[in-house]
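Hi everyone, thanks for coming. Have a look at the structure on the screen, and I'll walk you through a few spots in it.

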Amino acid sequence: MKFAGSDQYVATADLMLAVNASATLQRPLLVKGEPGTGKTMLAEEVAAALGMPLLQWHIKSTTKAQQGLYEYDAVSRLRDSQLSGIEGAEKVKNIENYIVKGVLWQAFEADQPVALLIDEIDKADIEFPNDLLREIDRMEFYVYETRQLIKAKHRPLVFITSNNEKELPDAFLRRCFFHYIKFPDPATMQAIVDVHFPGLKKELLAAALKTFFDVRNLPGLKKKPSTSELLDWLKLLVAEDIPTSALQSQDERVSIPPLVGALLKNEQDLTLFEKLIQMQRHNR
């Protein structure tokens, strides 16, 4: 099966090629890019397009690799052994009742191939990727409590996303196919907007895109607005019935757009933007 994009996700040719190369090599697809460029949505859309169930593992700073395999709930077993009577002794005796299967285990034992998303792997500590090397490479792991070797029935299609908060180990990178999602150019961005707002007036869209890229290209921004923030902003413009004229400056200079809080998300960037506007007005 080949991924050829979907009606809900505008995938560039190089991104589709990367997805299919990852599937051919049977290696995880490591996807990097700015926040808000559709890394997580990629896994969702590929799974939907290929008719595969999607399992998601969203990583936090406290997440450990073992949790993706399984967890042994020793506390519950001890509590049950203290509180249960004769009728509950069988349950306590069977340790499998206290093994909680993780996302990787679920993916390995699925009766059909699944897509597996390991989202924002760079949030975890530096040892997290290394702790998954063997399992992702060999598609198997050992459960010491029950003395079971769990092997994947089918190799899942693995997507791993990263926002580049931490460098990933070289040994981990060698086991992945890598793709960087570049920020969309104006033509690609227009195609993305057309998917989400098919009835948007052309004049409003053109003015909004120009304003968005003007804001994004300002030097010194701490956080540049992303695709998802553009879509939020457009939704607000439509909901509030903002006229096209409010987005257009008469002298082609950058102006503060309405509802700018959807695009700029910290006071440093907003202050920088306002200072730039003041400088432009002063230099007239």
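Let's begin with Asp125, which counts as partly exposed because its relative accessible area is 28%. Keep in mind that this is a predicted model.

So who does Asp125 pair with in a salt bridge? That would be Lys64, with the closest N and O atoms 3.1 Å apart. The two sit in distant parts of the chain, 61 residues apart: Lys64 is in the loop between β2 and α3, and Asp125 is in the loop between β5 and α7. Lys64 is partly exposed too, since its relative accessible area is 45%. In general, side chains of opposite charge can pair when their charged atoms come close.

What's the lining made of? It divides into 6 nonpolar residues, 4 charged ones and no polar ones.

Back to salt bridges, where the count comes to 9. One of them joins Lys210 and Asp214, at 2.8 Å from N to O. Both are in helix α11, 4 residues apart, which is about one turn of the helix. Then there's a network of salt bridges linking Lys223, Glu229 and Lys265.

Last stop, the surface. Tyr142, Tyr144 and Leu149 make a nonpolar patch of about 350 Å². Tyr142 lies in strand β6, and it counts as partly exposed because its relative accessibility is 35%.

Notes: Residues numbered from 1 in each chain as written. Predicted model: local features only at pLDDT ≥ 70, side-chain atom pairs only at ≥ 80, totals over all residues. Heavy atoms only, no water. Patch = residues over 30% accessible without salt bridge, like charges linked within 9 Å, V, L, I, M, F, W, Y side chains within 5 Å. Areas by Shrake-Rupley, 256 points an atom, 1.4 Å probe, with all protein chains shown as cover. Salt bridge = Lys/Arg side-chain N within 4 Å of Asp/Glu carboxyl O. Buried < 20%, exposed > 50% of the residue type's maximum accessible area, 1.4 Å probe, protein only. Nonpolar A, V, L, I, M, F, W, Y, C, P; charged D, E, K, R; others polar.
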